[in-house]
Amino acid sequence: EAIDFRAVAGAGYALAALAIPAPTLDFSYPFVFSVLAVGMIGAAPRVRIPDVTVERPDAVGAALTGLAAVTLAGAAYAVAYVAL
């Protein structure tokens with residue numbers, strides 16, 4: 001219950017290594033904007049499938065879930081980038 005699936009979904013960001021060119025100082029905005037989009041996953045409502053209920057996250061939970069998603073996304077991107 002402590003690990004939110006929305007944060008683990010940030011690991012799917014590793015596929016961005018195939019679609020987004022390598023970030024440089026001149027061409028960094030696609031990388032930055034996509035990471036910010038992954039961070040917004042914490043603000044998305046939580047849907048519980050068995051009960052079909054929608055819960056709004058609190059501010060701290062949303063921030064921590066977004067931070068965890070961005071951290072996992074960065075690590076997954078780094079591993080995929082090095083592997084390619």
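**View 1. Isoleucine 20, in the loop between α2 and α3****.** This is a predicted model, where local features need pLDDT of at least 70, side-chain atom pairs count only at pLDDT 80 or more, and totals for chains, interfaces and linings use all residues. Residues are numbered from 1 along each chain as its sequence is written, and side-chain values use heavy atoms, with hydrogens and water left out. Helices (DSSP runs of H or I, at least four residues) and strands (runs of E, at least two) are numbered from the N terminus. Isoleucine 20 has a relative accessible area of 17%, so it counts as buried; that label means under 20% relative accessible area, while exposed means over 50% and partly exposed is in between, using a 1.4 Å probe and protein chains only. Leaving aside residues up to four places away in sequence, isoleucine 20 touches Tyr13, Pro30, Phe31, Ser34 and Tyr77; contact here means heavy atoms within 4.5 Å.

**View 2. Serine 34, a residue of helix α3****.** Serine 34 is buried too, at a relative accessible area of 18%. Apart from residues up to four places away in sequence, serine 34 touches Tyr13 and Ile20. Between isoleucine 20 and serine 34 there are 14 residues in sequence and 9.3 Å in space, C-alpha to C-alpha.

**View 3. The two sides of helix α3, with Ser34, Val35 and Val38 buried****.** Looking down the axis of α3, the buried residues fall within an arc of 100°, so they line one face of the helix. That arc is taken from the directions from the helix axis to the C-beta atoms. The buried residues of α3 pack against α4. On the other side of α3, you'll find Phe33 and Leu36 exposed.

**View 4. A nonpolar surface patch that includes leucine 36****.** Leucine 36 belongs to helix α3 and has 52% relative accessibility, so it counts as exposed. Patches are made of residues with over 30% relative accessible area and no salt bridge; like charges are joined within 9 Å, and nonpolar side chains (Val, Leu, Ile, Met, Phe, Trp, Tyr) within 5 Å. A salt bridge puts a side-chain nitrogen of Lys or Arg within 4 Å of a carboxyl oxygen of Asp or Glu. Accessible areas come from the Shrake-Rupley method with a 1.4 Å probe, and for residues only the protein chains shown count as cover.

**View 5. Glycine 10, in the loop between α1 and α2****.** With a relative accessible area of 3%, glycine 10 is buried. Not counting residues up to four places away in sequence, glycine 10 touches Val38, Ala69, Leu72 and Ala73. Glycine 10 and alanine 76 are 66 residues apart in sequence, yet 8.1 Å apart in space, C-alpha to C-alpha.

**View 6. Helix α4 (residues 59-83)****.** The 25 residues of α4 should span 36 Å at 1.5 Å a residue, and the end C-alpha atoms are 36 Å apart, so the two agree. The expected span is 1.5 Å times one less than the number of residues. Buried residues of α4 are Ala62, Thr65, Gly66, Ala69, Ala73, Ala76, Tyr77 and Ala80. Their cover includes α1 (5-8), α2 (16-19) and α3 (29-39).
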